[in-house]
Amino acid sequence: MLEPYEAQIKAWLEAEPTVSAAVVLQRLMNLDQTRFTNKSLRTVQMAVKAWRQESALEILNGDWMAITPALPPAKSFGNILR
């Protein structure tokens, strides 16, 4: 049911990490009223939860280090970092 919209949903979640599944469903209903109804909420909730867990695992597994640019070293002036 969600497969054709998976990339769009993930983009929404990436752009707005705190967006609720209800808001995601509303956006999906705006895209395709024949496919999505209020009865689709539980399906969307489960998918959003799974994708958030997947993202959290990427962070915990260290994949975030590969995509996060390294910060330049802090300038040291004696005991004071600036």
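What share of the contacts with a separation of 6 or more in the chain comes from residues 24 or more positions apart? Such residues account for 46% of these contacts, where a contact means heavy atoms within 4.5 Å.

Before selecting anything, note that this is a predicted model, in which local features need pLDDT of at least 70, side-chain atom pairs count only at pLDDT 80 or more, and totals for chains, interfaces and linings use all residues. Residues are numbered from 1 along each chain as its sequence is written, and side-chain values use heavy atoms, with hydrogens and water left out.

Begin with the whole chain. From the N terminus, its elements follow the order α-α-α-α-β-β; helices (H or I, at least four residues) and strands (E, at least two) are DSSP runs. Of its 82 residues, 22% are buried, that is, under 20% relative accessible area with a 1.4 Å probe, protein chains only.

Next, select residues 6-15, helix α1, and residues 21-31, helix α2. The two pack at an angle of about 140°, and their axes lie 11 Å apart; axes are lines fitted to C-alpha atoms over the stretch in contact, and angles run from 0 to 180 degrees between N-to-C directions. Helix α1 is therefore oblique to α2, as angles under 35 degrees count as roughly parallel, over 145 as roughly antiparallel, 65 to 115 as roughly perpendicular and the rest as oblique.

Finally, display the side chains where the helices meet. Q8, I9, W12 and L13 of α1 meet V24, R27, L28 and L31 of α2. By class, this contact has six nonpolar residues, one polar and one charged.

Key. Buried means under 20% relative accessible area, exposed over 50%, partly exposed in between (1.4 Å probe, protein chains only). Ala, Val, Leu, Ile, Met, Phe, Trp, Tyr, Cys and Pro count as nonpolar, Asp, Glu, Lys and Arg as charged, and the others, Gly among them, as polar.
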